[in-house]
Amino acid sequence: QVQLVESGGGLVQPGGSLRLSCAASGSIFTIYVMGWYRQAPGKQRELVARISLGGTINLSDSVKGRFTNSRDNAKNTVYLQMNSLKPEDTAVYYCSADVLSNFPRTRNDYWGQGTQVTVSS
């Protein structure tokens, strides 16, 4: 099994910054894609950012120029640096990982428990 543990959420004023981290652990052979999704109250979960094993990054149009996505493959960790935060960024942020496990050698998607980000004055 694989576990994803997120950290770094909280309350921040508009224009502020937060950095989210997500560490994967367990029976991991390779992590192909790691990403961040968010879900605001009454809305569907949406993709925020994702990064491939080779470092290719996809960002939602709503966060381009404000958020950056990076990963440390040696630590099986992905980061989301969020700058110039807006009230509409308020949501629960979920980490995801596309993982090839060691034993059995299977590929599955895993999710973290979510971390709350609230942007408010």
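1. S27 is a buried residue, since its relative accessible area is 18%, where buried means under 20% relative accessible area, exposed over 50% and partly exposed in between, with a 1.4 Å probe and protein chains only. The residue sits in the loop between strand 3 (18–26) and strand 4 (28–39); helices (H or I, at least four residues) and strands (E, at least two) are DSSP runs, numbered from the N terminus. Leaving out residues up to four places away in sequence, S27 touches Q1, V2, S101, N102 and F103, a contact being heavy atoms within 4.5 Å. The side chain of S27 also reaches the backbone nitrogen of F103 at 3.4 Å, where a polar contact is a pair of N or O atoms within 3.5 Å, one of which, within protein, must be able to donate a hydrogen and the other to accept it, with residues adjacent in sequence counted only if both atoms are side-chain atoms.

2. A word on the basis of these values. This is a predicted model, in which local features need pLDDT of at least 70 and side-chain atom pairs count only at pLDDT 80 or more, while totals for chains, interfaces and linings use all residues. Residues are numbered from 1 along each chain as its sequence is written, and side-chain values use heavy atoms, with hydrogens and water left out.

3. As to the overall build, the protein has zero helices and eleven strands, so that the pattern read along the sequence is β-β-β-β-β-β-β-β-β-β-β. The C-alpha trace spans about 50 × 25 × 20 Å along the principal axes of the protein. The radius of gyration is 14 Å, which agrees with the value near 14 Å that a compact globule of 121 residues would have; this radius is taken over C-alpha atoms, and the globule rule is 2.2 Å times the number of residues to the power 0.38. Of the 121 residues, 42% are buried, and among the contacts with a separation of 6 or more, 56% are between residues 24 or more positions apart.

4. Which cysteines are joined by a disulfide? C22 and C95 are, with an S to S distance of 2.1 Å, and the count comes to one disulfide under the rule that a disulfide is a pair of cysteine sulfur atoms within 2.5 Å. C22 lies in strand 3 and C95 in strand 9 (residues 91–101), so the pair ties together parts that are 73 residues apart in sequence. The link is left-handed, with -80° about the S-S bond, and both C22 and C95 are buried.

5. S96 also belongs to strand 9 and is buried, with a relative accessible area of 12%. Its contacts, leaving aside neighbours within four places in sequence, are L4, V33, M34, G35, Y37, Y110 and W111.

6. R105 lies over the face of F29, at 3.9 Å from the ring centre. A charge sits over a ring if NZ of Lys or CZ of Arg is within 6 Å of the ring centre and within 35 degrees of the ring normal.

7. The backbone deserves attention at the peptide bond joining F103 and P104, which is cis, with omega about -5°. P104 is found in the loop between strand 9 and strand 10 (107–111), and F103 is the residue whose backbone nitrogen is reached by the side chain of S27.

8. D72 is found in strand 7 and counts as partly exposed, at 24% relative accessibility. Not counting residues up to four places away in sequence, D72 touches T77 and Y79. D72 and L53 are 19 residues apart in sequence, and their C-alpha atoms are 9.7 Å apart in space.
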